[in-house]
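Please open the model in your viewer and keep the sequence at hand.

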Amino acid sequence: MSSYTKAEDFFKDLLKYVDLMLACYSETTQHHSNEYVIGWKLKQYNEDAFKYLEDSEILLSEMETRLEDTKSTSTFIPLIHVLETFNLDSFERFCIFLCLAVELDPSFERSVRHFNDSLDSPYPTLGLALKIYCKDLDEYMEARAQLNSNHKLIKYFFIDSFADRQGQPLIGVPLMLDHNISDYLI
């Protein structure tokens with residue numbers, strides 16, 4: 001494996017990673033019965049979902065290694081700087097990656113609208129990001145418990161999204177990267 005020689009190569013991997021995560025989520029939420037289910041009963045892993053999850057974890061590991069290797073080269077990828085400066089955890093990184101995918105490729109906009117169960121916003125909600133990323137209810141609840149209005153992800157990356165939430169639940173707010181951040185990262 002080698003370092004990234006240009007940001008575009010990193011973005012190609014980022015799009016593949018997000019695509020794999022969305023494919024896994026899609027597989028886990030497909031149910032073939034007429035039984036009415038809500039919440040986490042809906043997320044059930046099948047063989048395909050496990051394969052997508054495994055492939056996404058392998059790709060993410062490769063991306064992290066390549067990003068680490070890129071630090072010692074003259075290639076500048078702004079995301080490396082942001083990840084180090086803000087010391088983002090894996091879920092926070094996923095939120096950034098998911099939102100960048102929407103900014104980079106319109107096909108992710110369609111997928112997000114579908115998974116949001118709403119055509120209103122092309123941006124994933126915080127709740128959707130949690131559901132896609134977290135493997136089960138326990139992981140979801142642990143991640144959700146750490147999020148509040150002063151969380152660094154909300155405070156620095158999604159400023160505009162949460163400025164106008166007007167009584168909307170935190171997890172229902174569409175995650176739109178601050179335009180200064182998305183411009184810098186892209």
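**A tour of the aromatic rings and the core**

Begin by selecting R66 and Y4: R66 lies over the face of Y4, 3.9 Å from the ring centre. A charge counts as over a ring if NZ of Lys or CZ of Arg is within 6 Å of the ring centre and within 35 degrees of the ring normal. This is a predicted model, in which local features need pLDDT of at least 70 and side-chain atom pairs pLDDT 80 or more, while totals for chains, interfaces and linings use all residues. Residues are numbered from 1 along each chain as its sequence is written, and side-chain values use heavy atoms, without hydrogens and water.

Next, select Y4, F10, F11, Y17, F91, F94, F97 and Y133, a cluster linked by ring pairs. Rings of Phe, Tyr and Trp (its six-membered ring) pair if their centres lie within 6.5 Å; planes under 30 degrees apart count as stacked, over 60 as edge-to-face and the rest as tilted. The structure holds eleven aromatic pairs. One of them, F10 with F97, is edge-to-face, at 6.1 Å centre to centre and 70° between the planes. F10 is buried, with a relative accessible area of 0%, and F97 is buried at 4%. Buried means under 20% relative accessible area, exposed over 50% and partly exposed in between (1.4 Å probe, protein chains only).

Finally, which residues does I96 touch, not counting those up to four places away in sequence? Select L79, L88, L153, F157, F158, L177 and L185; contact means heavy atoms within 4.5 Å.
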